[in-house]
Amino acid sequence: MKLNLLFGLTLFLALFACKQSEPDTDPQLQEQIQQFESIRNKANEVHDQLMSKMSEISALRKALNDNITDQNKEVYTGAITELKEAHDGMMEWMQDYNKKFPYEYKNPTTKAALDKDTPILAQEVDEIVDLKEQTLDAIENAKQLLKE
């Protein structure tokens, strides 16, 4: 009797464990997971593009500072401010992003978690895309000023 009970309990636990380990094959959930991963990849891609511009921003700020005259002071100071705002914006975005999606963050795999995190991630991507445009504009403006 005890052997049958033990066998039955073992079989139940084995079946339950197998059922729990099966991946969710809901096509809508899989699509939502892929969408989240795509948005996260976009955030990482734009982040990497902007990070590669940080040294250029520093060099342009220095060049503008080194070439300020009484005649161009207002325009150059404005360009330096734009470059500083682009740099500071990137640092602030990274800090905010890392609070919401820290290094150890794992992509969500449930509908509830995806419904919660996807809009937050999409907002972060919108912000960094806007920041990219601001940064590229500030860099281009500074380069044009230095050519004059």
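A crossing of two helices is called left-handed if the near helix is turned anticlockwise from the far one by less than a right angle. This term returns in several of the legends below, which describe close-up views of a predicted model.

Figure 1. Of the 148 residues in the protein chain, 28% are buried, and the chain exposes about 10,400 Å², of which carbon and sulfur atoms supply 56%. Among the contacts with a separation of 6 or more, 82% are accounted for by residues 24 or more positions apart.

**Figure 2. The packing of α2 against α5.** Helix α2 covers residues 27–51, while helix α5 covers residues 111–147. The two helices pack with their axes 9 Å apart and at an angle of about 25°, and because angles under 35 degrees count as roughly parallel, α2 is described as roughly parallel to α5. Where α2 passes α5, the crossing is left-handed, and the residues of this contact divide into 14 nonpolar, five polar and six charged.

**Figure 3. The packing of α4 against α5.** Helix α4, which is made of residues 73–100, packs with α5 at an angle of about 160°, and the axes of the two helices are 9 Å apart. Angles over 145 degrees count as roughly antiparallel, and α4 and α5 are therefore roughly antiparallel to each other. The crossing of α4 and α5 is left-handed, and the contact between them has, by class, 17 nonpolar, four polar and six charged residues.

**Figure 4. The packing of α3 against α5.** Helix α3, residues 54–66, has an axis that comes within 10 Å of the axis of α5 and crosses it at roughly 35°, and α3 passes α5 in a left-handed crossing. On the side of α3, the contact is made by Glu56, Ile57, Leu60, Ala63 and Leu64, and on the side of α5 by Thr135, Ile139, Ala142, Lys143, Leu145 and Leu146. When the residues of this contact are sorted by class, eight are nonpolar, one is polar and two are charged.

Figure 5. His47 has its place in helix α2 and Ile128 has its place in helix α5; the two residues are 81 residues apart along the chain, yet their C-alpha atoms are separated by 7.1 Å. Not counting residues up to four places away in sequence, His47 touches Met90, Trp93, Met94 and Ile128. With the corresponding neighbours left out, Ile128 touches Ala43, Val46, His47, Leu50, Met90 and Trp93. Ile128 counts as buried because its relative accessibility is 0%, which lies under the limit of 20% relative accessible area that defines a buried residue.

Figure 6. Glu124 lies in helix α5 and, with a relative accessible area of 0%, is buried. Leaving aside its neighbours within four places in sequence, Glu124 is in contact with Trp93, Asp96, Tyr97, Lys100 and Phe101.

Technical notes: Residues numbered from 1 in each chain as written. Predicted model: local features only at pLDDT ≥ 70, side-chain atom pairs only at ≥ 80, totals over all residues. Heavy atoms only, no water. Helix = DSSP H or I, 4+ residues; strand = E, 2+ residues; numbered from the N terminus. Contact = heavy atoms within 4.5 Å. Buried < 20%, exposed > 50% of the residue type's maximum accessible area, 1.4 Å probe, protein only. Areas by Shrake-Rupley, 256 points an atom, 1.4 Å probe, with all protein chains shown as cover. Axes fitted to C-alpha atoms, helices over the stretch in contact; angles between N-to-C directions. Parallel < 35°, antiparallel > 145°, perpendicular 65-115°, else oblique. Nonpolar A, V, L, I, M, F, W, Y, C, P; charged D, E, K, R; others polar.
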